[in-house]
Amino acid sequence: VYWIGGQLNSTFDETSKNWVGYFLGDEVNGRYSYDEGLAIMQSASNAALAKNDGRFRYSNFTYQVASIYGDATKWSQYVNNCTDVASLDAYWYSTPFDTASWQNEWIVNIDPGHVRTASSYGRSLDALKQVDNQDNKMQSVWQFVENMYGGGDTNNFQGYITPEQIKGAAINSIIHGAGGLIWFNQSFGGPEILGNVIRTAQTNSASASYPLVQAMGDINNFIHRQAPIINTQSYDWSFGQYLNTMLKAKDEYAYIFAMISGEVGSNPGTRTFNLPNRLAAATSVEVVEESRSDRKSTRLNSSHTDISRMPSSA
C-alpha cells in the first residue's frame with residue numbers, strides 16, 4: 001500500500017518505495033488566518049524539501065482557495081509556494097449548501113441549473129488549476145469525491161450521493177485533468193454516522209454504504225484498466241457545444257471521454273461529435289466496457305468536419 005504522510009514506524013526509511021510523498025496538512029487555509037496558515041504550510045514544505053529524498057509534497061485545501069473571497073495572489077501562495085500536488089474538497093452532490101448562492105462564490109462560472117451535477121466537480125478543478133497557474137507553472141491537481149456524504153453534520157441533510165453520481169463525479173474530474181482521486185471516506189450526517197465508509201460496507205451489507213462502496217470499487221477498477229490510455233497526453237480538440245471531453249490516442253485507436261458540460265442549455269440527450277479529420281478513416285465505434293459497438297453508421301466526410309452520432313451515455 002502506498003503512503004503519503006509522515007514516517008509511520010521504524011519500517012519506513014529513505015529506501016521505502018511505497019512511501020511516495022509528504023502530507024503537509026488538511027484544509028490549513030480554512031482553519032487559520034491567512035498568515036498563520038501560510039507559515040504552517042511553509043514550515044511543513046521546507047521540512048519535506050530538506051530531506052531531499054524525491055518525495056512529493058501534497059496538501060488539500062478548502063474551496064475558499066479558489067473562491068472570490070480574499071486576495072487571489074495570497075491564496076495562490078498556499079499552492080504555488082508549498083506543494084507539488086494539490087486538491088480541494090467540494091462535495092457538490094451531498095453538501096447541504098444553498099445552491100442559489102454557492103455557485104457564485106467560485107472564480108469560475110457554475111450554472112445555477114447544474115450545480116448538483118458531475119460537471120461541477122470538473123469546474124472546481126478548473127478553478128484550482130487557475131489558482132495554480134498564477135506562477136505559469138502547473139502541478140498535478142487531484143480531486144476529492146465523497147463516497148457517501150460530504151456534509152459536516154446532520155443539519156439540512158440532503159441525502160447520500162448515489163452510485164451513478166459517484167461514477168459521474170470521478171470521470172468528469174478525470175476529463176478535467178485530475179491526476180488523482182481521493183475518496184472522502186466518512187459520513188457525518190443522515191441515518192448512518194460512519195467513521196469509515198469502506199470498512200462498514202465490508203462488514204455490513206445492509207448498510208446504505210454498501211452499494212456506494214461497490215460503485216466506488218467499480219469506477220476505481222475501470223480507471224485502473226484505462227490508466228494506460230488516461231496517462232497519455234491529451235489532444236486539444238473541441239467535439240462540440242455542451243460537452244466536456246477528453247481526446248486520447250494509443251495503439252492506433254482514438255479514445256473519446258465525454259459527458260455533458262453543465263452549461264446553460266446542457267441537458268441529457270443525443271449528441272453530435274465533431275471529429276478531427278484524421279479520424280475520417282475510422283470504420284467503427286465501440287462504447288468501452290458496455291458491449292456496444294457500431295459500424296460506420298453515420299457517413300464521415302473527410303472534406304468537411306467529421307461527425308458521428310453516439311448516445312449521450314457513451
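Guide: Burial is given here as relative accessible area, found with a 1.4 Å probe on protein chains only, where under 20% is buried, over 50% is exposed and anything in between is partly exposed. The model is a predicted one, in which local features need pLDDT of at least 70 and side-chain atom pairs count only at pLDDT 80 or more, while totals for chains, interfaces and linings use all residues. Residues are numbered from 1 along each chain as its sequence is written, and side-chain values use heavy atoms, with hydrogens and water left out.

The space in the second largest pocket comes to about 830 Å³, a volume filled by probe spheres set on the points. Its lining, meaning residues with an atom within 4 Å of a point, is made of 29 residues, and those nearest the centre of the pocket are I174, A178, G179, I230 and N231. Two or more lining residues each come from helix α5 (163–175), strand β6 (180–184), helix α7 (209–230) and strand β7 (243–250), where helices (H or I, at least four residues) and strands (E, at least two) are DSSP runs numbered from the N terminus. Of the lining of the second largest pocket, α7 gives the largest share, at six residues. By class, 15 of the lining residues are nonpolar, twelve are polar and two are charged, with Asp, Glu, Lys and Arg as charged, Ala, Val, Leu, Ile, Met, Phe, Trp, Tyr, Cys and Pro as nonpolar, and the others, Gly among them, as polar.

Strand β7, one of the elements that give residues to this lining, is also the place of N244. N244 counts as buried because its relative accessibility is 10%. Setting aside neighbours within four places in sequence, N244 makes contact (heavy atoms within 4.5 Å) with S119, with N172, I175 and H176, and with the run F257, A258, M259, I260 and S261. For A258, 14 residues from N244 in sequence, the C-alpha to C-alpha separation is 5.6 Å.

The loop between α7 and β7 holds Y242, whose phi is positive, about 65 degrees, although Y242 is not a glycine. Most residues other than glycine have a negative phi. Y242 is partly exposed, at 25% relative accessible area. N52 is exposed, since its relative accessibility is 69%.

Elsewhere, helix α3 (residues 72–80) packs against helix α4 (residues 118–132), with their axes 8 Å apart and at an angle of about 90 degrees. The axes are lines fitted to C-alpha atoms over the stretch in contact, and angles run from 0 to 180 degrees between N-to-C directions. The two helices α3 and α4 are therefore roughly perpendicular to each other, a term that covers 65 to 115 degrees. In this packing, W75, S76, V79 and N80 of α3 meet L128, V131 and D132 of α4, a contact with four nonpolar, two polar and one charged residues.

V131 is also among the residues touched by I107, which lies in the loop between β4 (85–89) and α4. Beyond residues up to four places away in sequence, I107 touches A66, S67, I68, A127 and Q130 as well as V131. I107 is partly exposed, with 29% relative accessible area, and its C-alpha atom is 44 Å from that of T11, 96 residues apart along the chain.

Two further loop residues complete the view. T154, in the loop between β5 (140–146) and α5, is partly exposed at 48% relative accessibility; with residues up to four places away left out, T154 touches F188, G189, G190 and I193. T154 and E14 are 140 residues apart in sequence, with 43 Å between their C-alpha atoms. Y32, in the loop between α1 (28–31) and α2, is partly exposed at 35% relative accessible area, and beyond residues up to four places away in sequence Y32 touches G37 and I40. From Y32 to Q186, 154 residues apart in sequence, the C-alpha to C-alpha distance is 23 Å.

Terms used: On a 1 Å grid over the protein atoms alone, a cavity is a set of points where a 1.4 Å probe fits but cannot get out, and a pocket is an open set with protein on both sides within 12 Å along at least five of seven lines; lining residues have an atom within 4 Å of a point. Angles under 35 degrees count as roughly parallel, over 145 as roughly antiparallel, 65 to 115 as roughly perpendicular and the rest as oblique.
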